[in-house]
Amino acid sequence: MGDDGAFTYNGGKVAPGETQNIRYGISETYLGDPVRIPVTIVNGERDGPTAFLSAAAHGDELNGIEVVREVAHEWDLSDLAGTLVCMPVLNVPGFLAQQRYLPIYDRDLNRSFPGREDSTSAKRMAARIFDNFIAPCDFGIDFHTSTRGRTNMIHVRANMEHDGSARLARAFGSHVIIAGEGSSGMLRTEATAVGVPTITVEMGEAHRFQRELIDEALAGVESVFAEYGLRDTTAVRWPGWRTVIDDDSEKTWIRADAGGIVDMHYDRGALVHEGDRICTITNPFKDDNVTIQAPFTGLLVGVLENPVVYPGNPLCHLVELEEPVRRVVEREQSPDGETVRA
């Protein structure tokens with residue numbers, strides 16, 4: 001931010017009390033036409049922190065797009081204290097092709113940050129996004145979904161050993177936080193490393209707008225804004241229960257040991273007990289069924305949506321719950337075996 005309270009980027013500035021919708025050039029196509037990302041910058045009249053909201057670093061992950069758009073264009077931000085940088089579609093080439101990675105050599109934009117201006121196409125794009133719209137901020141939220149064929153309950157991923165990231169993760173108010181520094185090149189990893197605490201919010205599946213998850217994420221953003229004083233109209237929320245998964249022994253991806261057609265017996269967000277039959281893998285004749293059981297009692301953070309697998313394909317993501325939290329979740333979920341969707 002400039003001394004006059006303006007938000008500046010290479011090519012422009014947004015003064016206090018102003019809002020700009022821009023299409024910012026980050027690359028060029030094979031024909032030499034510009035590749036532009038949409039960015040909305042809202043600079044409040046009152047002083048406060050600068051925050052970014054981003055989505056679709058993977059081009060087929062759509063839920064976060066609607067979260068960012070609604071905050072930028074449907075919320076009343078007239079009382080905003082600080083500045084908001086909204087980037088609903090980071091990976092424009094992937095979004096246009098409706099695929100996860102950049103169509104240029106299948107590069108992963110979310111492994112290319114902070115980028116470099118003299119490197120690969122992906123790193124050049126990442127550098128222009130990072131230098132102009134990420135690095136000037138005080139914190140950020142990056143929205144993702146599961147990859148194609150799987151779905152996640154809404155949860156946060158954050159480096160809980162970093163005080164700023166831990167504060168942000170807890171403020172969002174999700175039931176589940178999965179702790180970890182994150183991989184090199186991830187937006188949240190690299191932003192946090194330069195002093196911009198950032199969390200990833202995982203929600204639902206690719207190629208979908210899932211309204212209940214979008215609304216839940218919007219409530220999380222409201223809670224964060226309250227925590228950091230961006231708005232006075234909301235309160236920081238407590239989700240009722242929370243578990244922080246900070247040890248690899250507390251989580252596991254259960255993978256198929258046989259190929260076939262999968263019948264999932266539980267939805268995302270369901271509590272399963274050790275020995276419960278999570279799913280069954282069958283062949284076309286249904287005469288050689290393979291039962292997949294829960295190795296421990298825990299919560300299904302992610303489950304398969306596409307019901308066909310090869311050996312080694314992931315079936316579900318299971319996280320362990322401490323005894324007090326488990327009892328709360330058991331009370332929330334119906335005693336007759338039906339589960340609530342999380």
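Contact, in these legends, means heavy atoms within 4.5 Å. The model is predicted: local features need pLDDT of at least 70 and side-chain atom pairs count only at pLDDT 80 or more, while totals for chains, interfaces and linings use all residues. Residues are numbered from 1 along each chain as its sequence is written, and side-chain values use heavy atoms, with hydrogens and water left out.

**View 1. Leu-315 and its neighbours in contact.** Let's start inside strand 19 (314-320), where Leu-315 is found. Helices (H or I, at least four residues) and strands (E, at least two) are DSSP runs, numbered from the N terminus. Leu-315 is buried, with a relative accessible area of 0%; buried means under 20%, exposed over 50% and partly exposed in between (1.4 Å probe, protein chains only). Leaving aside residues up to four places away in sequence, Leu-315 touches Ile-254, Arg-255, Ala-256, Val-262, Met-264, Cys-279, Ile-281, Ile-292, Val-303, Leu-304 and Val-309. Its C-alpha atom is separated by 8.9 Å from that of Glu-305, 10 residues apart along the chain.

**View 2. Gly-312 in the loop between strands 18 and 19.** With a relative accessible area of 33%, Gly-312 is partly exposed. Beyond residues up to four places away in sequence, Gly-312 touches Arg-255 and Ala-256. The C-alpha atoms of Gly-312 and Ala-256 are 5.1 Å apart, although 56 residues separate the two along the chain.

**View 3. The buried side of helix 7.** Which residues of helix 7 (residues 323-332) are buried? They are Val-325, Arg-326 and Val-329. These residues cover an arc of only 100° around the axis, which puts them on the same side of helix 7; the arc is that of the directions from the helix axis to the C-beta atoms. As a handy reminder, an α-helix has 3.6 residues a turn, so residues three or four places apart point the same way. The buried residues of helix 7 pack against strand 11 (243-245), strand 14 (271-272) and strand 17 (298-304).

**View 4. The largest pocket and its lining.** About 540 Å³ of space lies in this pocket. On a 1 Å grid over the protein atoms alone, a pocket is an open set of points where a 1.4 Å probe fits, with protein on both sides within 12 Å along at least five of seven lines; lining residues have an atom within 4 Å of a point. Of the 25 lining residues, Arg-111, Arg-157, Met-186, Arg-188 and Glu-202 lie nearest the centre. Two or more lining residues come from each of strand 8 (150-158), strand 9 (176-179), helix 5 (187-193), strand 10 (198-204) and strand 12 (251-255). Strand 8 gives the most, with 3 residues.

**View 5. Tyr-105 and Pro-114 in the loop between helix 2 and helix 3.** The loop holding Pro-114 lies between helix 2 (92-97) and helix 3 (121-134). The peptide bond from Phe-113 to Pro-114 is cis, with omega near 0°. Tyr-105, in the loop between helix 2 and helix 3, has a positive phi of about 60° although it is not a glycine. Tyr-105 is exposed, with a relative accessible area of 69%.

**View 6. Lys-286, with a positive phi.** Look for Lys-286 in the loop between strand 15 (277-282) and strand 16 (290-293). Lys-286 has a phi of about 55° although it is not a glycine. Lys-286 is exposed, with a relative accessible area of 66%.

Notes: Grid points are joined across faces, edges and corners, and a volume is the space filled by probe spheres set on the points.
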